[in-house]
Amino acid sequence: MTLATTDPNSLGLSGRAHLVVIGVVLIGAWFLLRMLRRRQLRGKYTLLWMFVGLTVLALAIFPSLLDHTAHALGIYSGPNLLFLLAIAFLLLVCVYFSWELSRLEERTRVLAEELAILRSEQEQQDEGHDVTP
């Protein structure tokens, strides 16, 4: 199977599209840092999304990088590689959040059990002190 050849001048984005991508990445970075500063987003998630933004920025600055990588991997075109990587990334994010959710559910169950035990002990202590002469 041979890869289709394309005109080198047709690869990549127009100048206006480059500016739009750079603007979106900068606005996204500002938004993420704002959320981090307000403690609405944890640092590890901010780093994850900053990495995604930097990857998008790198692909906007060097659009032929995607096509060359796709060609080296035997993938027909750059956009196909981009979709493959995006789907793989989103699946990994889903698996990670499923693990995180399971961990938090277990922690919530343990805390609820501990709270029930503490309330029971408190009620027993209150009943012992309520005896009036």
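1. How many residues does α2 have, and how far does α2 reach from its first C-alpha to its last? The helix has 19 residues and spans 26 Å, close to the 27 Å expected at 1.5 Å a residue. Please keep in mind that this is a predicted model.

2. The protein chain has four helices and zero strands, and its elements run α-α-α-α from the N terminus on. Of its 133 residues, 14% are buried. Among contacts with a separation of 6 or more, 49% join residues 24 or more positions apart.

3. As a reminder, an α-helix has 3.6 residues a turn, so residues three or four places apart point the same way.

4. With α1, the axes come within 10 Å and cross at roughly 170 degrees. Over 145 degrees counts as roughly antiparallel, and α1 and α2 are therefore roughly antiparallel to each other. On the α1 side the contact is made by His18, Val21, Ile22, Val25, Ala29, Leu32, Leu33 and Leu36. On the α2 side the contributors include Gly43, Trp49, Met50, Val56 and Ile61. By class, this contact has 13 nonpolar, four polar and no charged residues.

5. With α4, the packing angle is about 180 degrees and the axes are 14 Å apart. α2 and α4 are therefore roughly antiparallel to each other as well. Here Lys44, Tyr45, Leu48, Trp49, Val52 and Leu59 of α2 meet Leu82, Phe89, Tyr96, Phe97 and Glu100 of α4. The residues of this contact divide into nine nonpolar, no polar and two charged.

6. Is threonine 46 buried or exposed? This residue of helix α2 has a relative accessible area of 3%, and since buried means under 20%, threonine 46 is buried. Not counting residues up to four places away in sequence, threonine 46 touches Leu32, Leu36 and Leu41.

7. Isoleucine 61 is also found in helix α2. Its relative accessible area is 45%, so isoleucine 61 is partly exposed. The C-alpha atoms of isoleucine 61 and leucine 19 are separated by 9.7 Å, although these residues are 42 apart along the chain.

8. Most residues other than glycine have a negative phi. Arginine 39, which is not a glycine, has a positive phi of about 60 degrees. Is arginine 39 buried or exposed? With a relative accessible area of 77%, and exposed meaning over 50%, arginine 39 is exposed.

How values were computed. Residues numbered from 1 in each chain as written. Predicted model: local features only at pLDDT ≥ 70, side-chain atom pairs only at ≥ 80, totals over all residues. Heavy atoms only, no water. Buried < 20%, exposed > 50% of the residue type's maximum accessible area, 1.4 Å probe, protein only. Helix = DSSP H or I, 4+ residues; strand = E, 2+ residues; numbered from the N terminus. Expected span 1.5 Å × (residues − 1). Axes fitted to C-alpha atoms, helices over the stretch in contact; angles between N-to-C directions. Parallel < 35°, antiparallel > 145°, perpendicular 65-115°, else oblique. Contact = heavy atoms within 4.5 Å. Nonpolar A, V, L, I, M, F, W, Y, C, P; charged D, E, K, R; others polar.
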